[in-house]
Amino acid sequence: MPRAQRVTASDVAKAAGVSKTTVSYVLNQTPNQSIPENTRLRVLEAVRELDYTSLAAARALRIGRNDTVLFVLPDWPLSHALSRVIEQVTEGLALHGLSLLLQRPSPGRSLISLWRELAPAALMTVEAMDAEDELLIRESGTVVVAAATAEFGIRQDLIGAMQAEYLAGRGHRHLAYARVLDPKLETLSAERWHGFRNACHRLELGEPVELGFDLSVDGSVSALKGMSETAAHVTGMATYNDQIAAAVLAGMRRLGKNVPSDLAVVGVDDEPFAQFAEPPLTTVRQNHTLFGRYLADRVASAIGGEQMVNDAKPDVLSMIIRESA
């Protein structure tokens, strides 16, 4: 039998000079494991030299079974919200004997080639997939949980609508929305903005002011000055996330203005720092534990060919009310 067909994780561990457990941690990108960069690179080089990954995928295709769920991460900053979802999905899948493998898109490597190489039991994506690629992957028997089918994401427009409804309920009639300027987050930012804007129209508040913010005090001051000079007297502002909200708070302090008496501010994500902001930040919380476990159960049920007892997506959004609004 050719040598290549006998390659195992133990062979990779021996070639890299590490333990088999370390090989598993590196290949599965196991959370909460601090693997030195030089060790990780040695393991990956051994994998390439021994062609271990492709052999493992080929075996999975032959026997028609794999315990790996491939999560293709979007090209976004790894926020607290996304990290929490990943953590909860990982723990939820582990209860079903499944492992989560994280990958980011890389130049020159298509999603199809990655899928063929790894042969996962399921594929999860946040961003929409090419329709033909998705059909090919589904027809192969791989479970797909993708934004294109609205299976993965929390509806971002609902988040924006919640912000508008809360501010309107507090008596604010002239509202503004602070979008993030990072082009990697444009899709999410646009969806939240459209939800906010549509809610303003539905509530007969008129057209809200749209502003672009970056994560700097000077940028926040400039945007706030521009708003005060050109817009109607805005008294309530929703922001793309809590980080942008923190920039708004800092900009207001620099201008000698008060939150919430001069401007009520509502963020998104309930980041750990939100409760310690000055003033503490009112924000939309996404229940990442509930949502992550729902996703894990959904994927595991689909892999097993089973129907979930409760297939309804949980209501995971709530308003956390603090002093900023």
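Predicted model: local features only at pLDDT ≥ 70, side-chain atom pairs only at ≥ 80, totals over all residues.
Q: Where in the protein chain is confidence lowest, and where is it highest?

A: The protein chain has an average pLDDT of 82, and 85% of the residues score at least 70. Confidence is lowest in helix 4 (residues 52-63), with a mean of 49, whereas strand 8 has the highest, at 97. Across residues 58-64 the pLDDT falls below 50, and this stretch has 4 contacts in the model beyond near neighbours in sequence.

Q: How do I read the sheet, and which strands are its edge strands?

A: In general, the strands of a sheet pair through backbone hydrogen bonds, in either a parallel or an antiparallel sense. Here, the order 6-5-7-8-9-10 describes an open sheet of 6 strands with mixed pairing. Strand 6 (209-213) and strand 10 (317-320) are the edge strands, each of which pairs on one side only. On average, neighbouring strands of this sheet are turned by 20° against each other, direction ignored.

Q: In which sense do strand 8 and strand 9 pair?

A: Strand 8 (residues 264-268) and strand 9 (residues 282-286) pair in the parallel sense over 3 bridges; in one of these strands, strand 9, Thr 282 is the bridge partner of Val 266.

Q: Which helix packs on the sheet, and which strands does that helix touch?

A: Helix 9 (residues 186-202) packs there, touching strand 5 (175-180), strand 6, strand 7 (236-239), strand 8 and strand 9, and the direction of helix 9 makes about 170° with that of strand 5.

Q: At what angle do helix 8 and helix 9 pack?

A: Helix 8 (residues 156-169) and helix 9 pack at an angle of about 40°, with their axes 6 Å apart, and the two helices are therefore oblique to each other. The crossing of helix 8 with helix 9 is right-handed. Among the residues that meet are Ile 159, Gly 160 and Ala 164 in helix 8 and Leu 188, Gly 195 and Phe 196 in helix 9. By class, this contact of helix 8 with helix 9 has 8 nonpolar, 4 polar and 5 charged residues.

Q: How far apart are the axes of helix 1 and helix 3?

A: The axes of helix 1 (residues 9-16) and helix 3 (residues 37-50) lie 9 Å apart, and the helices pack at an angle of about 125°, which makes helix 1 oblique to helix 3. Their crossing is right-handed. From helix 1, Asp 11, Val 12, Ala 15 and Ala 16 meet Arg 42, Val 43, Ala 46, Val 47 and Leu 50 in helix 3; by class, the residues of this contact are 7 nonpolar, no polar and 2 charged.

Note on methods:
Residues numbered from 1 in each chain as written. Heavy atoms only, no water. Pairing = 2+ DSSP bridges. Helix = DSSP H or I, 4+ residues; strand = E, 2+ residues; numbered from the N terminus. Axes fitted to C-alpha atoms, helices over the stretch in contact; angles between N-to-C directions. Contact = heavy atoms within 4.5 Å. pLDDT = per-residue confidence, 0-100. Parallel < 35°, antiparallel > 145°, perpendicular 65-115°, else oblique. Left-handed = near helix turned anticlockwise from the far one by under 90°. Nonpolar A, V, L, I, M, F, W, Y, C, P; charged D, E, K, R; others polar.
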